[in-house]
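User: Could you take me through this model? I would like the overall picture before the details.

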Amino acid sequence: HIRDDDSRDAVPLHSVRRSEDMGGFLSGVGIGGGKSALYKPIDADGDSHASQAERSAYGGGGYDFDDDLSAKDGGHMPNSRENDLRRREAELEARERELRIREANVQSMANGARPPLNFPPLYPIMYHAIDAEVPVGDRRTVRTFFYLWLALEAMLVLNCVSCLIVMVSNAADVSNAGASFGSSFVYLFTITAGSFFLWYRPIYNAYMKDSSMFFYMFFIFNGFHILFDAYMAVGVPGAGSAGIIIMLQCLSSGKKAGAAFCGISFSLWVLHFAACLVMYLRVRRHYKRRGHTFAEAKQQAYMGFAQSGAGQAAASTAANAYIRSNTGNF
């Protein structure tokens, strides 16, 4: 028996069949059961409630939201997801490698064993490894400064050769060519060592330790180096530089070979000056973003001196002098 409210809402069977035969709305939603594949009795074809639930849970013939999105996106969503997962996996592997290297370095230092010396290659006196000691985000900056230092060494060699060619050419308008060559030869050793220990190694330590003291050391001595680049580009006679003044003197004397070498040297000094200035300003911006101060740099300098051998010896001497003054034993 059918209740009254169900009999009012029920659709007559002859209407359903007529709608199916005419291809109407009821045939589209599959209520009639005759020609639509969307409606099937639960027990038809041997299916049970459990099999239908299993097929629905695992996407068997039902509506798949991911398939619809993939179709709308032109089938590229799985590829983009896969690429994103691969990128994240590569980043995690890089971080794990960095952590393993740092952990190994810390462990070796804790055990009293420091990493083997590896720089310079022919006569190692220190450990130098940008990828192992410098954070990932700062490695490009430190590596750029290392390349600038290597370029400086090549330019010093070229400058010495240029001064030698100018001296051998015996240009009449070039004065103090011998003094220029002698000074350029001295620069090969003094500027090489000074630039490494006074501004490259400090910026290396500054990014490695995030130290205000080393940043200030870099600002002072790299500022002097930028002025040195400008000085070498000018080419004061007798000052050890084959710059623009020496180039003009060679041109006036008709010494084309000396003028060509001086022109190349002048161009490289100008480029090096511009590159160092750009990197100097970049480090300055980084220093301000990190919130370092001069007071912090002074405190780190005092602590470093106190922990050094000279600082401990000075403190011991002062303490002994104070004890003797108080006890009267001089």
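This is a predicted model: local features need pLDDT of at least 70, side-chain atom pairs count only at pLDDT 80 or more; totals for chains, interfaces and linings use all residues.

User: How many helices and strands does the protein chain have?

Analyst: The protein chain has 14 helices and zero strands. Read from the N terminus, its elements therefore run α-α-α-α-α-α-α-α-α-α-α-α-α-α.

User: And what share of the residues is buried?

Analyst: Of the 330 residues in the protein chain, 29% are classed as buried.

User: Which share of the contacts joins residues at least 24 apart?

Analyst: Taking contacts in the protein chain between residues at least 6 apart in sequence, 61% link residues at least 24 apart.

User: Turning to packing, at what angle do H11 and H12 cross?

Analyst: Helix H11 covers residues 244–252 and helix H12 covers residues 256–290; their axes cross at roughly 160 degrees and come within 8 Å. H11 is therefore roughly antiparallel to H12, since angles over 145 degrees are classed that way.

User: Left-handed or right-handed?

Analyst: The crossing of H11 and H12 is left-handed.

User: Which residues meet there?

Analyst: From H11, the residues are Ile 244, Ile 246, Met 247, Cys 250 and Leu 251, and they meet Gly 258, Ala 259, Cys 262, Gly 263 and Phe 266 of H12. By type, the residues of this contact comprise eight nonpolar, two polar and no charged.

User: Staying with H12, is Ser 265 buried or exposed?

Analyst: Ser 265, which lies in helix H12, counts as buried because its relative accessibility is 1%, under the 20% cut-off.

User: What does Ser 265 contact?

Analyst: With neighbours within four places in sequence left aside, Ser 265 is in contact with Leu 158, Asn 159, Ser 162 and Ala 242.

User: Which residues does Glu 98 touch?

Analyst: Residues up to four places away in sequence are not counted here; Glu 98 touches Val 134, Pro 135, Val 136 and Arg 139.

User: What separates the C-alpha atoms of Glu 98 and Val 134?

Analyst: The C-alpha atoms of Glu 98 and Val 134 are separated by 9.7 Å, and the two residues are 36 residues apart along the chain.

Note on methods. Residues are numbered from 1 along each chain as its sequence is written. Side-chain values use heavy atoms; hydrogens and water are left out. Helices (H or I, at least four residues) and strands (E, at least two) are DSSP runs, numbered from the N terminus. Buried means under 20% relative accessible area, exposed over 50%, partly exposed in between (1.4 Å probe, protein chains only). Contact means heavy atoms within 4.5 Å. Axes are lines fitted to C-alpha atoms, for helices over the stretch in contact, and angles run from 0 to 180 degrees between N-to-C directions. Angles under 35 degrees count as roughly parallel, over 145 as roughly antiparallel, 65 to 115 as roughly perpendicular and the rest as oblique. A crossing is left-handed if the near helix is turned anticlockwise from the far one by less than a right angle, and right-handed if clockwise. Ala, Val, Leu, Ile, Met, Phe, Trp, Tyr, Cys and Pro count as nonpolar, Asp, Glu, Lys and Arg as charged, and the others, Gly among them, as polar.
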